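Reader: I am new to this structure. Please show me how to read it, step by step.

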Amino acid sequence: MLAHEFMRNAYLAGTFVALACGLVGYFVVLRGQVFAGDALSHVAFTGALAAAAAGIDVRLGLFVATIAVALGLGGLGERARPDDVTIGSVFAWVLGLGVLFLSIFVNGSSGSGGTTAVRVLFGSILGLSGGEAWLAAAIALAAALALVAIARPLLFSSLDPEVARGIGLPVRALGLGFLAILAVVAAEATQAVGALLLLGLLAAPAGAARLLTARPWLGLGLSAAIAVGSTWLGLALSYEIPNLPAGTAVIGVAAASFALAALGRWRPPVRRVAA
Amino acid sequence: MSTEFAGLSWNPVSDLEQLTAYPFMVQALEAGTIVAAMAGAIGWFMVLRRQAFAGHTLSVIAFPGAAGATLAGIPVALGYYGACGLGALALSLVSRGERGRISTESAAIGTVQAFALGLGFLFVSVYGGQLIGLQSLLFGTFLGITASQVETLLWIALATLAALALVGRPLLFASVDAEVARASGVPTAVLSLSFLLLLALAVAATAQITGALLVFALLVTPAATAQRLTARPGPGLALSVGLALAVTWLGLSIAYFSPYPVGFWVTSVSFGLYVLVRLATRREAR
């Protein structure tokens, strides 16, 4: 399997993108910002299509759009934690913009437009070239390192914002910085698993880790490990099974690990005895 | 085209006549009206209950439903309703299993959503990549609606609104203060499952018109605007439905005279209104 260059590229990019997703995802889940991650993944779609319609590099559109919207959402919400109605309203409009760019792009480029849209929506990890894979790995690694650098104060301010502010931590700046890292990861992961599926890599490994342990550092590591493991297994599955798209396989394994973690923790509900 | 296309004039009467000259446009307006009334009402409760994320997840679940039905060769409408109904059950299962742990609950909803989309993509690629079909599943075919679809839609909307009217009062109580409602004997768990099922029904019906990704625009934005303007339930609901109707009509009319898609105009008009209202009510909120 690894004799093929496209599989080596997929494993290289996939490993680091999954690592970043697992780390960032843990905080996304901890801070209750899964919906923000969902919205940013759709912003990535619109950004990429806008760049494609304007004829510039898709990656530029991805990064500019996600970072701008992340900071905008952070500015709208309390303590850089926007509420879900605000996110929903912005998000609905961003989808509308995506439709606009899609129609401009598809009309302008007779035929190939649909393929690009599908690549953006569902990813194309098996179609990365060597250079693209190295770039993706480097950006994802940088985002992961940035997150690890602010992990300690971010964890504190996520768990107890009041006390964190009391001892002088810049809670608002940390929240914005976190959204910016999330935006970079979302833009990067869009190229690997696609705008519509990256939510699974953010939410599922982190959710499983939260179910398995309450200890934050162990959970963070576990989340990253599950994300990377899901990507490895998913890529192998999609190589072995024809017709199984890589994105679907990766998300399927991640979702299965979440389900297993939930089942492992499940206890029959204790019935209260009527007084 | 037999009828000439004159473009937008300054005469509103002739513009209106032009707008309704084609049957496809009349049907789009009818379907849009039904869908907007239903989405405005359900959306108001969805925003009140802070279930925008669950609503969005249900609306994307429509996509694998439609793709799966196409693959299996069964009627697509069945796929929409089946998938959204199953989605509502799954969501209610994950949120009940983890009561009190909001963060894990949202992780579970996100996982359900991503998995459903992954399945949808699998179905599409097994089917053999009808790319144009994929886009209409995701972004809708507002202008390709048949008269029988409008009729079905009307019945579904009437049923949904009737059911909503039936559970409206206890649902409102349970949404505003779940603890007190539970203590005074309101069956909150049953209500929350039935609300998710109603939401699923509305989403499945709407998604066939607007596409899986854009249902959400009609559900969330008019309701969010209405709740910024008034906290009172009666006027709020009416306002939400009114706004949804207005943005749908405006969006469809503008789209008719412009080269850009309906989805873009509907979302832009409603988002514009939301931003205006947000700016106008900013001072009072503080």
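Author: Start with the fold. Read along its sequence, chain B runs α-α-α-α-α-α-α-α-α-α-α-α-α. The model is a predicted one.

Reader: How many helices and strands does chain B have?

Author: Chain B has 13 helices and zero strands. Now burial. Of its 286 residues, 51% count as buried. Then sequence range. Take the contacts in chain B between residues at least 6 apart in sequence: 73% of them join residues at least 24 apart.

Reader: How do I read two packed helices?

Author: Two packed helices are described by the angle between their axes and the distance between the axes. Take helix α9 (residues 198–212) and helix α10 (residues 216–240), both of chain A. They pack at about 135 degrees, and their axes lie 8 Å apart. That angle makes α9(A) oblique to α10(A). Their crossing is right-handed.

Reader: Which residues make the contact of α9(A) and α10(A)?

Author: From α9(A), they include A:Leu201, A:Pro205 and A:Ala206. From α10(A), they include A:Gly219, A:Leu222 and A:Ile226. By class, this contact has nine nonpolar, three polar and one charged residues.

Reader: How many residues does each chain bring to the contact between chain A and chain B?

Author: Chain B brings 45 residues, and chain A brings 45 residues. On the side of chain B that touches chain A, α3, α5, α6, α10 and α12 of chain B each supply at least two residues. The most come from α5(B), with 18 residues. By class, that side of chain B has 29 nonpolar, 15 polar and one charged.

Definitions and conventions
Residues are numbered from 1 along each chain as its sequence is written. Chains are lettered from A and ligands numbered from 1 in the order in which they are written. This is a predicted model: local features need pLDDT of at least 70, side-chain atom pairs count only at pLDDT 80 or more; totals for chains, interfaces and linings use all residues. Two residues are in contact if their C-beta atoms, placed from the backbone, lie within 7 Å. Helices (H or I, at least four residues) and strands (E, at least two) are DSSP runs, numbered from the N terminus. Ala, Val, Leu, Ile, Met, Phe, Trp, Tyr, Cys and Pro count as nonpolar, Asp, Glu, Lys and Arg as charged, and the others, Gly among them, as polar. Axes are lines fitted to C-alpha atoms, for helices over the stretch in contact, and angles run from 0 to 180 degrees between N-to-C directions. Angles under 35 degrees count as roughly parallel, over 145 as roughly antiparallel, 65 to 115 as roughly perpendicular and the rest as oblique. A crossing is left-handed if the near helix is turned anticlockwise from the far one by less than a right angle, and right-handed if clockwise. A residue is buried if 20 or more other C-beta atoms lie within 10 Å of its own, exposed if 12 or fewer, and partly exposed in between; C-beta atoms are placed from the backbone.
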